[in-house]
Amino acid sequence: MSSPTPKAAQRIVFTGGSGVAGRHVVEKLLSYGHEILNVDVVPLDNSNVHTLKADLTDGAQAFNSLSCHFRVSEPFMDPIQKPDAVVHFAGIPQPMRIPDNETFRINTMGAYNIIESACKLGIKKIILASSLTTYGATYAEGDVDYPHFPLTEDSPTEPMDVYATSKLCMERIAHSFANRFKGVDIYCLRIGAVIEPEQHTKKFEAYLSRPGDFKVHGWSYTDSRDLGNMVQCCLQKDGLGFQVFNAVNDEITIPEEEGSSEEWLRKVCPRTKILGKMGEREAPVSNKKMREMLGFREEFPWRKVLDRDGR
Ligand SMILES: NC(=O)c1ccc[n+]([C@@H]2O[C@H](COP(=O)([O-])OP(=O)(O)OC[C@H]3O[C@@H](n4cnc5c(N)ncnc54)[C@H](O)[C@@H]3O)[C@@H](O)[C@H]2O)c1
């Protein structure tokens, strides 16, 4: 394990901590000693974290969520303190769960309200859950090619669907606030398909038995606990201003027998250019920027989790 040592315990407002990804990230952040307030429309079953029920599409509720106590007490002895950081995961994680216009409204307005409130309250670190669906293939109408491999944060983003579009709008809002509020760091994490520990075996059975089906995931994934480590890296590193990071694990999700990443991608995506030399088993979505700028080191590589390292 080579995740960074915490510089200090921080006070973090975490939105969407009751969700699939959030609850694991919250758990990981608690293990680093941070104090967390969860803000969500539903409670989180974790006795170490208080949930403030709030709808973040309402600006006043977002503002209050970032400027309140971290738990209830009788009386409130300590004054309200400004959080060190806000981590914004709340939102709708897919198209077709609710009508498209609602997905767009909730994801863009929730993000806008959190970013604006944080900047105006003087919170210096904002971490946002974006998505690698922004590269366009995941929820495209039909089989769409990626622009090239490996996908980096500079690769074109041309999605057709409302979910990925809402995430790109969030990134754009973040960029404009970072231009206006100098000294505020806003890091957007383009997260891959999140895999929880309980789902690991089942998800990888599918990845390994039907690798051809997972172009939509870019043959890349994000372990939910390593996502916690990625957020921790973001909390540890100050002064980078506005940044976008691909937030995936290191390795491609195909079986070893299929050969190298390049061999696989040339076979299944013959029209897509490969820029430069890829690592033998490098994920097609590159996390190089996060490793180099934030010092991220994965703790849960899939082959270690499945005990396939020594096959
Ligand atoms: N799960 C993935 O594979 C994946 C991949 C890439 C990015 N993401 C992003 O990560 C974040 C978390 O995803 P998830 O899979 O945990 O989703 P989830 O639906 O399980 O969790 C989202 C949480 O946000 C809360 N929420 C929704 N609308 C809200 C509102 N208006 N106010 C307050 N809370 C609200 C929900 O109650 C829920 O607990 C999302 O922003 C999603 O777009 C997820």
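Buried denotes under 20% relative accessible area, exposed over 50%, and partly exposed in between (1.4 Å probe, protein chains only). The model is predicted: local features need pLDDT of at least 70, side-chain atom pairs count only at pLDDT 80 or more, and totals for chains, interfaces and linings use all residues. Residues are numbered from 1 along each chain as its sequence is written, and side-chain values use heavy atoms, with hydrogens and water left out.

Strand E5 spans residues 125-131. Strands (E, at least two residues) and helices (H or I, at least four) are DSSP runs, numbered from the N terminus. Seven of the seven residues of E5 are buried, so the strand is largely enclosed by the rest of the structure. Both faces are covered. Lys-125, Ile-127, Ala-129 and Ser-131 are buried on one side; Ile-126, Leu-128 and Ser-130 are buried on the other.

Val-87 has Ile-127 of E5 as its bridge partner.

E4, helix H3 (residues 100-121) and E5 form a right-handed β-α-β unit. A crossover is right-handed if, with the strands pointing away from the viewer, the path from the first strand over the helix to the second runs clockwise. E5, helix H4 (residues 162-180) and E6 also form a right-handed β-α-β unit.

Thr-222 lies in strand E8 (residues 222-223). Thr-222 counts as buried because its relative accessibility is 0%.

Key. Pairing = 2+ DSSP bridges.
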